[in-house]
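Student: Before any terms are applied to this model, could the sequence and the structure be displayed?
Tutor: They follow here, and the discussion comes after them.

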Amino acid sequence: MSTLQDTTNEVLALASTHFKVPREQLTPDDDFFKKLGINSLQALDLLTRIEQHFHIELPDYELQGVSDFRTLAERIQSRL
Amino acid sequence: MKTFQGKTLSWNWTDGVIELTLDRAPCNEIGSATLPELGRFVEALAKLQNESHALIISSARKEGFCAGADLRELYRESQPLAPNERGARLRDFLERIHRVMNAIDSVPLTTIAAIQGIAFGGGFELALVCDLIIADKTARFCFPELRLGLIPGFGGIPRLRRDLGNAVLRDLLLTGRSINATKAQAVGLVSQVVAEGDALRIARSTAAQLKKFDRETAAAAKKFIKPIPFDELRREIEIFCELFERPAVREGLRKFVESTDALPYLP
């Protein structure tokens with residue numbers, strides 16, 4: 001069973017790889033919209049990759065108001 | 001006309017396969033520029049159908065298949081009009097898009113939607129008129145209309161119910177959530193999920209397979225199993241027009257229009 005820290009690290013790695021931002025520049029409390037420079041359309045792309053990576057279904061309304069990696073990881077963790 | 005290059009779309013006929021390619025920035029929003037070209041396509045389709053066995057609809061935009069109706073234009077153009085005129089314009093737009101959708105839905109050849117990225121609202125509804133949906137792993141499907149106080153207006157509700165049944169329809173319609181290609185395949189919406197960027201290639205390969213079958217038999221099979229839900233489609237237009245006049249909808253559209261985000265109704 002993955003811990004929240006494991007999940008957070010996986011999300012950071014996923015975002016780093018997909019959006020080509022160096023991993024060391026990303027921290028759990030970062031606003032991913034700002035840090036990755038993405039809009040809501042690209043956030044949906046991130047959601048798709050998260051669902052595929054973790055083999056979960058994450059309704060997008062669960063992400064309303066979520067903008068930092070840590071909270072995103074918490075939402076994922078509750079579906080694992 | 002076997003080939004056409006318009007401002008928002010193009011089509012090309014090759015060896016019995018018609019390829020309709022949507023290409024309007026940012027993500028193929030359907031409005032006053034796209035609709036007349038779709039109308040021209042439907043006229044051409046009526047002439048090409050007898051020498052064709054497949055139609056593929058795809059997008060040239062990396063952002064996705066289609067983000068649906070051009071709500072910014074709809075709001076901007078309807079805002080200065082009196083309610084009666086606004087209602088009449090909206091109804092005319094819906095009637096025209098329904099004629100396009102119904103024509104593609106019922107054309108006697110096999111139709112394939114090749115989807116990447118978002119197929120939202122009217123884009124999802126365009127995919128739903130096709131006989132087969134082939135989606136790559138980036139695809140997402142959604143009816144976001146309830147977030148604006150509306151329902152889908154391009155025939156999506158009756159067509160999704162025809163294809164999948166009421167429970168899946170309620171989930172997508174009433175929550176407004178989007179689903180990915182894997183989920184869409186699991187519920188029976190998508191026939192094949194393919195690698196990122198491969199939807200059109202696989203659609204072409206599928207169209208090549210269809211050519212081996214007798215055209216008239218394929219058309220008869222389609223006519224037998226794919227009725228057009230005309231009564232429900234008409235009712236959908238009525239409900240959409242009624243809802244559109246409510247102040248809450250106009251306020252929702254105003255917020256949408258004033259946002260600079262690509263998909264402002266999403267989180």
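**Terms set against values**

Tutor: Chain A, read along its sequence, shows the pattern α-α-α-α. This is a predicted model, in which local features need pLDDT of at least 70 and side-chain atom pairs count only at pLDDT 80 or more, whereas totals for chains, interfaces and linings use all residues. Residues are numbered from 1 along each chain as its sequence is written, chains are lettered from A and ligands numbered from 1 in the order in which they are written, and side-chain values use heavy atoms, with hydrogens and water left out.

Student: How many helices and strands does chain A have?
Tutor: Chain A has 4 helices and 0 strands. Helices are DSSP runs of H or I with at least four residues, strands are runs of E with at least two, and both are numbered from the N terminus.

Student: What makes chain A agree with a compact globule?
Tutor: The radius of gyration is taken over C-alpha atoms, and the globule rule is 2.2 Å times the number of residues to the power 0.38. For 80 residues a compact globule would have a value near 12 Å; chain A has 11 Å, which agrees. Along the principal axes, the C-alpha atoms of chain A fill a box of roughly 30 × 25 × 20 Å.

Student: What does chain B contain in helices and strands, and why is it called as compact as a globular protein of its length?
Tutor: Chain B has 11 helices and 11 strands. Its radius of gyration is 18 Å, close to the 18 Å that the globule rule gives for 267 residues, so chain B is as compact as a globular protein of that length. The C-alpha trace of chain B spans about 55 × 35 × 35 Å along its principal axes.

Student: Why is B:F93 called buried?
Tutor: Buried means under 20% relative accessible area, exposed over 50%, and partly exposed in between, with a 1.4 Å probe and protein chains only. B:F93 has 15% relative accessibility and therefore counts as buried. The residue is in helix α3 (residues 83-106) of chain B.

Student: Which residues does B:F93 touch, not counting those up to four places away in sequence?
Tutor: Contact means heavy atoms within 4.5 Å. By that criterion B:F93 touches B:I30, B:G31, B:L35 and B:F154. B:L35 is 58 residues from B:F93 along the chain, and their C-alpha atoms are separated by 8.4 Å.

Student: Which residues of helix α2 of chain B are buried, and what covers them?
Tutor: In α2 (residues 71-78) the buried residues are B:L71, B:E73, B:L74, B:Y75 and B:S78. Their cover includes α3, α10 (230-244) and α11 (247-258) of chain B.

Student: What share of each chain is buried?
Tutor: Buried residues are 55% of the 267 residues in chain B and 48% of the 80 residues in chain A.

Student: How do you know that chains A and B are in contact?
Tutor: In the model, 16 residues of chain A are in contact with 20 residues of chain B. The size of an interface is often given as the accessible area lost when the parts come together. Buried area is the accessible area (1.4 Å probe) that two parts lose on being put together, summed over both. Here the two chains bury about 1600 Å² between them, with 51% of it on carbon and sulfur atoms. On the chain A side, A:S40, A:L41 and A:D60 lose the most area to chain B, together 33% of what that side buries.
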